[in-house]
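Have a look at the sequence and the fold before reading on.

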Amino acid sequence: MPRISGETIHIENLSVSGVIGVYPEERLRRQPLIFTLSFTRPFAEAAAHDDVRRTLDYAEVCREVQAFVEAH
(Lines give C-alpha, C1' and ligand atoms only; values in the text may rest on other atoms or scores of the structure.)
Protein backbone atom coordinates (compact mmCIF):
# COMPACT_ATOMS: atom_id res chain seq x y z
CA MET A 1 0.00 0.00 0.00
CA PRO A 2 1.60 3.32 -1.05
CA ARG A 3 1.98 6.04 1.59
CA ILE A 4 3.53 9.51 1.31
CA SER A 5 5.29 11.26 4.20
CA GLY A 6 7.27 14.44 3.73
CA GLU A 7 9.12 13.92 0.48
CA THR A 8 9.33 10.15 0.76
CA ILE A 9 7.06 7.62 -0.90
CA HIS A 10 6.74 4.35 0.98
CA ILE A 11 5.45 1.19 -0.64
CA GLU A 12 4.63 -1.16 2.20
CA ASN A 13 3.86 -4.87 2.06
CA LEU A 14 4.05 -5.25 -1.70
CA SER A 15 3.27 -8.93 -2.19
CA VAL A 16 4.82 -10.67 -5.19
CA SER A 17 5.25 -14.38 -5.75
CA GLY A 18 8.45 -15.78 -7.14
CA VAL A 19 10.65 -18.83 -7.31
CA ILE A 20 13.47 -18.49 -4.79
CA GLY A 21 15.73 -20.73 -2.79
CA VAL A 22 19.11 -22.39 -2.69
CA TYR A 23 18.02 -26.01 -2.71
CA PRO A 24 16.18 -27.65 -5.64
CA GLU A 25 13.15 -28.52 -3.50
CA GLU A 26 12.78 -24.83 -2.61
CA ARG A 27 12.64 -23.94 -6.29
CA LEU A 28 9.72 -26.26 -7.12
CA ARG A 29 7.00 -23.71 -6.43
CA ARG A 30 6.41 -20.00 -6.23
CA GLN A 31 6.66 -18.46 -2.79
CA PRO A 32 5.21 -15.20 -1.49
CA LEU A 33 7.71 -12.37 -1.16
CA ILE A 34 6.87 -9.17 0.73
CA PHE A 35 8.68 -5.92 -0.11
CA THR A 36 8.77 -2.60 1.69
CA LEU A 37 10.40 0.18 -0.35
CA SER A 38 11.05 3.88 0.32
CA PHE A 39 11.96 6.53 -2.25
CA THR A 40 12.96 10.08 -1.43
CA ARG A 41 11.88 12.41 -4.22
CA PRO A 42 11.40 16.17 -4.42
CA PHE A 43 7.69 16.92 -4.73
CA ALA A 44 7.93 20.72 -5.11
CA GLU A 45 7.98 20.74 -8.91
CA ALA A 46 5.08 18.31 -9.19
CA ALA A 47 3.08 20.31 -6.63
CA ALA A 48 3.90 23.66 -8.27
CA HIS A 49 2.68 22.40 -11.64
CA ASP A 50 -0.08 20.17 -10.23
CA ASP A 51 1.41 17.39 -12.36
CA VAL A 52 1.93 13.91 -10.89
CA ARG A 53 4.00 12.95 -13.94
CA ARG A 54 6.81 15.03 -12.43
CA THR A 55 7.24 12.70 -9.47
CA LEU A 56 7.57 8.97 -8.85
CA ASP A 57 4.89 6.70 -10.32
CA TYR A 58 4.56 4.20 -7.48
CA ALA A 59 2.22 1.99 -9.52
CA GLU A 60 4.97 1.65 -12.16
CA VAL A 61 7.51 0.81 -9.44
CA CYS A 62 5.20 -1.98 -8.22
CA ARG A 63 4.85 -3.33 -11.77
CA GLU A 64 8.63 -3.23 -12.28
CA VAL A 65 9.32 -5.08 -9.02
CA GLN A 66 6.77 -7.74 -9.96
CA ALA A 67 8.23 -8.11 -13.48
CA PHE A 68 11.77 -8.40 -12.10
CA VAL A 69 10.84 -11.06 -9.55
CA GLU A 70 8.90 -13.07 -12.13
CA ALA A 71 11.78 -12.90 -14.64
CA HIS A 72 14.48 -13.96 -12.19
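## Overall layout

Keep in mind that this is a predicted model.

The box tells you about the dimensions: along the principal axes, the C-alpha atoms fill roughly 55 × 20 × 15 Å. As for contacts between residues at least 6 apart in sequence, 49% of them join residues at least 24 apart.

## Surface and burial

How much of the protein is buried? Of the 72 residues, 24% count as buried. The accessible surface comes to about 5500 Å², and carbon and sulfur atoms account for 56% of that surface.

## The nonpolar core

The largest nonpolar core is made of 11 residues. Its members are Ile-9, Ile-11, Leu-14, Val-16, Leu-33, Phe-43, Leu-56, Val-61, Cys-62, Val-65 and Val-69. Which elements give two or more residues to this core? They are strand β2, covering 8-18, and helix α2, covering 58-71.

Setting aside neighbours within four places in sequence, Val-61 is in contact with Ile-11, Leu-37, Phe-39 and Leu-56. Ile-11 and Leu-56 are also listed among the members of the core.

## Thr-8 on strand β2

Thr-8 sits in strand β2. Is this residue buried or exposed? Thr-8 counts as buried because its relative accessibility is 17%, and the cut-off for buried is under 20%.

The side chain of Thr-8 has a polar partner, too: a polar contact of 3.5 Å joins it to the side chain of Thr-40.

## Gln-66 on helix α2

Over on helix α2 you'll find Gln-66. Its relative accessibility is 38%, so Gln-66 counts as partly exposed; that label covers values between the 20% limit for buried and the 50% limit for exposed.

Where does Gly-18 lie relative to Gln-66? Along the chain these two residues are 48 residues apart, while their C-alpha atoms are separated by 8.7 Å.

Notes
Residues are numbered from 1 along each chain as its sequence is written. This is a predicted model: local features need pLDDT of at least 70, side-chain atom pairs count only at pLDDT 80 or more; totals for chains, interfaces and linings use all residues. Side-chain values use heavy atoms; hydrogens and water are left out. A nonpolar core is a set of buried Ala, Val, Leu, Ile, Met, Phe, Trp, Tyr and Cys residues joined through side-chain atoms within 4.5 Å. Buried means under 20% relative accessible area, exposed over 50%, partly exposed in between (1.4 Å probe, protein chains only). Helices (H or I, at least four residues) and strands (E, at least two) are DSSP runs, numbered from the N terminus. Contact means heavy atoms within 4.5 Å. A polar contact is a pair of N or O atoms within 3.5 Å; within protein, one must be able to donate a hydrogen and the other to accept it, and residues adjacent in sequence count only if both atoms are side-chain atoms. Accessible areas come from the Shrake-Rupley method with a 1.4 Å probe; for residues, only the protein chains shown count as cover.
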